[in-house]
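Welcome! Try each task yourself before reading its solution.

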Amino acid sequence: MLVSRVPWPLEKGDKLRAYHQLKELVKHHEVYLCCLTDTVINPDALNELHKLTPHVQVIRLNRLLIGFNLFMGLFGKKPFQVRYFYQRRAHRKILRAIKQFNPDHIYCQLIRAAEYVKHLHEYKKTIDYMDALSAGQRRRIDKAPAWFRPFVREEAKRLTAYENLIFDYFDYHTIISEQDRQLIYHEKRNRIAIIPNGVNHEYFQPQKAEIKYELIFTGNMSYPPNVDCAQRLAKEIMPLVREHYPSVKLLLAGATPTRSVSELANANVEVSGWLDDIRTAYNSASIFVAPMRIGSGLQNKLLEAMSMNLPCVTTSLAARPMEATPDEHLLVGESNEDLARHIITLIEQKEYAKKIAAQGRQFVLDKFNWNKTVQSLIELISH
C-alpha cells in the first residue's frame, strides 16, 4: 500500500481514507505500508500505524529536490503535484521494498504516487484516484489570485491528461463517488469502482454538551476549498444571518488555519486551530454549514457532522457525491441568500432541525460504514 502522506493524524481526507482502509485491509491481508512525507512526522504516527501492521516504511522527500522538480515542471507536461511527490531516491527505496516483500497486489493511493509503480507490469495493481483532482483544480481557477491563475489552469489541464493516461497502467481503479468517476476523461471510466469513504460511527456519536455556537464548519483550514468555504461563511453568509439574529456565533475548527482564516476571528467568529478531539467542536454547535464551491470528492466533514446528529446546510457540490436527498437528509442551497435562509429556518424551527438531523444521521449510518465500503475494495483486489 503506497500513500503520499503518513496517514496519522487524521486531519486530511486522504489520510483518513488511507488509515481506515488499512485498518480493514489488515483483517484480511498482510499489508506493507509505504508512506511518502515532505514534513517531520507526528511522534505518535508510527506507534499508531504499527498497531495495524508491523510493516511500515516512511520515506522522507528532500524539500530542495521538491523545489527543483517544480521548477523543471515548468518545461514539462506532468502535473506539478506528480512532480512534487516524485524523487529517484524514493523510487529506489520503494522498488527495493516491493522486491523484498513480493506482494500479490500493489494498492496506490492518488495519482501523485503512480509514477513509482506504473511500470511494474509483473504485479497486479490498483490506483485509487480518490477524487477527480482535475475537476477540483478547474473549480479553483476563478478563485485564485490573478497572477496565479495561469498556473492553476495549466495544472488542471495537465491533471486531466494524466488521469486519462495513468488509467491504462493499472489493472483496477477506484474512486470516491459517481460524480467524480464521470469527471475522469477515459473511454473506460465506467470500469472504475466506486469505493466511498465511511464514518467511524462508534467514535462520532452525539453527546450532550453545552451549546456555545449556532454554526460550525470544520476541516483542514489550509486546504484552499476549506479556506474559501470559511471566508464565504464568515464574510458573506454570516452577515445575512445576523440581520435576523445579531448574536449568532460561528466556530471554524480545524488544523493549520491560514492567516486569512485566522483573521476572520471576531466577537461572533471563533477560529480554534487544531483540536485533539474534533468531537468537542461538533458537540458545541447547533448547525453544521459547509458552503462548498470549489474542490472535489466526498466531504468527510459532512459525514462526521451528520453522524454527530447535526442538521447540515451545504451546496450541491458537496451533497451530490453523497447521493443525499435535499430537504430530507440535509438542506442544499447555492446562493448566499439561500444558504442563509436555510440556516435561519433551522434556528427558528427546532423540531424541523431535529428531524433533518435524525434523517441525516440514519442516512450516513446506513450508507457510509468503513467495514462495508472497504469490503468492496477487498473483493476487487482479491481477484
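**Exercise 1.** Find the helix in which Phe 151 lies, and decide whether this residue is buried, partly exposed or exposed.

*Solution.* Start with the helix: in this predicted model, Phe 151 belongs to α7, which covers residues 149-167. Next, take the relative accessible area of Phe 151, which is 38%. Buried would need under 20% and exposed over 50%, so Phe 151 counts as partly exposed.

**Exercise 2.** Now turn to the inside: which residues touch the most other members of the largest nonpolar core?

*Solution.* This core has 97 residues, and the ones to pick out are Val 117, Tyr 129, Phe 217, Leu 252, Phe 288 and Met 322. Helix α9 (residues 224-242) gives the most to this core, with 8 residues. Then zoom in on Val 117: leaving aside residues up to four places away in sequence, its contacts include Leu 2, Ile 98 and Phe 170.

**Exercise 3.** Work out which strands stand at the edges of the open sheet of 6 strands.

*Solution.* Write down the order, β10-β9-β8-β11-β12-β13, with parallel pairing. β10 (269-273) and β13 (331-332) each have a single partner strand, so one side of each lacks a neighbour in the sheet. Elsewhere in the order, β8 and β11 pair over 3 bridges, and Tyr 213 stands opposite Ala 285 in β11.

Technical notes
Residues are numbered from 1 along each chain as its sequence is written. This is a predicted model: local features need pLDDT of at least 70, side-chain atom pairs count only at pLDDT 80 or more; totals for chains, interfaces and linings use all residues. Side-chain values use heavy atoms; hydrogens and water are left out. A nonpolar core is a set of buried Ala, Val, Leu, Ile, Met, Phe, Trp, Tyr and Cys residues joined through side-chain atoms within 4.5 Å. Buried means under 20% relative accessible area, exposed over 50%, partly exposed in between (1.4 Å probe, protein chains only). Helices (H or I, at least four residues) and strands (E, at least two) are DSSP runs, numbered from the N terminus. Contact means heavy atoms within 4.5 Å. Two strands pair if DSSP finds at least two bridges between them.
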